[in-house]
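Dear colleague,

Please find below the structure that I am handing over to you. My notes on what was found in it follow directly after.

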Amino acid sequence: MSTKPRIVLGIESSCDETAVALVTSERTILAEKIASQTEEHAPYGGVVPEIAARAHAEKLSPMLEAVMDEAGIALTDCDAIAATAGPGLIGGVMVGLVTAKALAMASDTPLLAINHLEGHALSPRLANPELEFPYLLLLVSGGHCQILLVERVGEYRRLATTIDDALGEAFDKSAKILGLGYPGGPAIEKLAKEGDPDAVALPRPLRGSAEPHFSFAGLKSAVLRAKASGDHADADIAASFQQAAVDCLIDRLEHALERIGTPANLVVAGGVAANQTIRSALKKLAGKQSMEFTAPPMALCTDNAAMIAWAGCERLPLGEFDALDVSARPRWPLDPDAEPVRGAGVKA
Ligand code: KG4
Ligand code: ZN
């Protein structure tokens, strides 16, 4: 007997993307809308929390209506309403979560408060139905750089994190130093194509270190010095920066694999996973270790609501819904048992 696919409405508003999506338990994205605030924040060279929260508040309602209309679905057809409840810029998170609460209350539909990082961590399973637990996940975004062992829904063992900047943050800051626009990741990747990755000697922080973590602050400072010296073309600095970042990622992943053994799958998620040079290096590493490699399509890598709705779909069988007074959390580690590290990158 076939069971009817379940439907989850997802809302994402933790940083500078307002997003709404309807996803089924059979991995169909029925409808989705995403509004980027890049233009609003561009003059400031980064995300301004107050501007972000206002923009989410303005954009969310019409986007919700459009998504429901496009899919021809009523709220009462949904099995749950899932919203990012953290970590992230708290004003934006509250806008999304309060909206979800109101919808849940009005339609008497269960609420799921989703950890944004769980959305990223499970997004590869939306893209790849064959991806089974456990898998080794490199989660690289604007606020995080972590290696996690994803054991099952709700169980994430953090093996490494950054002790200072997240990798996306290092891309964004380096882009700013080079006078490129925000967000910096795609701009650096584009410019790097015209440069020589060996042209500028940049450090590989913590490479070969016995501790498992990442560090990118020193790399960014070296980019600043390389630019200030006037000795290098911007494209060479961009290419060398990207190569140094790749070398750090591979070294730290090899370190993690040495510690825990080799699971069948290596997976990458988060905004920085859109980077093709990083993807190729990870694919090569997976091949070397006889692991399967999964990278979600670009649209699922950067912030989106389909991943939040999908995390909701994954959570449905657990039957653990959230009460309407659930709080928004600016900080919310995926692995509550992980030791805090000095100056860890903890932004959205
Ligand atoms: O996951 P995401 O959309 O938002 C957060 O939760 O942080 O990630 C955004 C980050 C930004 O730092 C952006 O510069 C970076 O992902 N990014 C990239 C690329 N596309 C986006 N970094 C490197 N290469 C890219 N192609
Ligand atoms: Zn994100």
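I begin with a loop proline. Pro 43 lies in the loop that runs between helix H1 (38-41) and helix H2 (49-71); helices (H or I, at least four residues) and strands (E, at least two) are DSSP runs, numbered from the N terminus. With a relative accessibility of 66%, Pro 43 counts as exposed; buried means under 20% relative accessible area, exposed over 50%, and partly exposed in between (1.4 Å probe, protein chains only). Pro 43 and Gly 181 are 138 residues apart in sequence, and their C-alpha atoms are 9.2 Å apart in space.

Please note the basis of these values. This is a predicted model, in which local features need pLDDT of at least 70 and side-chain atom pairs count only at pLDDT 80 or more, while totals for chains, interfaces and linings use all residues. Residues are numbered from 1 along each chain as its sequence is written, chains are lettered from A and ligands numbered from 1 in the order in which they are written, and side-chain values use heavy atoms, with hydrogens and water left out.

Overall description

The chain contains 11 helices and 10 strands. Its radius of gyration is 20 Å, close to the 20 Å that the globule rule gives for 348 residues, so the chain is as compact as a globular protein of that length. The radius is taken over C-alpha atoms, and the rule is 2.2 Å times the number of residues to the power 0.38. Along the principal axes, the C-alpha trace spans about 60 × 45 × 35 Å.

Of the 348 residues in the chain, 55% are buried. Among contacts with a separation of 6 or more, 73% are between residues 24 or more positions apart; a contact means heavy atoms within 4.5 Å. The accessible surface of the chain comes to about 14600 Å², and 52% of this belongs to carbon and sulfur atoms; areas come from the Shrake-Rupley method with a 1.4 Å probe, and for residues only the protein chains shown count as cover.

The chain has 31 positive and 45 negative charges, whose mean positions are 4 Å apart. Lys and Arg count as positive and Asp and Glu as negative, without His and the chain ends; the place of a charge is NZ of Lys, CZ of Arg, CG of Asp or CD of Glu.

Helix H8 (residues 234-260) has 27 residues and should span 39 Å at 1.5 Å a residue, which agrees with the 39 Å between its end C-alpha atoms. The expected span is 1.5 Å times one less than the number of residues. In H8, 20 of the 27 residues are buried, so this helix is largely enclosed by the rest of the structure.

In helix H5 (residues 167-177), the buried residues include Leu 167, Phe 171 and Ala 175. Their cover includes strand E6 (135-140), strand E7 (145-152), helix H6 (184-192), helix H7 (217-229), H8 and helix H9 (276-288). Just after H5, Gly 179 has a positive phi of about 75 degrees.

H7 has 13 residues and reaches 19 Å between its first and last C-alpha atoms, close to the 18 Å expected at 1.5 Å a residue. Among its buried residues are Leu 219, Lys 220 and Val 223, and H5 and H8 are included in what covers the buried residues of H7.

Backbone points to check

- The peptide bond joining Gly 86 and Pro 87 is cis, with omega about -15 degrees; Pro 87 lies in the loop between strand E4 (80-86) and helix H3 (90-107).
- A cis bond also runs from Phe 133 to Pro 134, with omega near -5 degrees; Pro 134 is in the loop between helix H4 (116-127) and E6.
- Arg 27, a residue other than glycine, has a positive phi near 75 degrees. Its loop lies between strand E2 (17-24) and strand E3 (29-36), and at 25% relative accessibility Arg 27 counts as partly exposed.
- Ser 290 is not a glycine, yet its phi is positive at about 55 degrees. Ser 290 is found in the loop between H9 and strand E10 (292-294) and, at 68% relative accessibility, counts as exposed.

Yours sincerely
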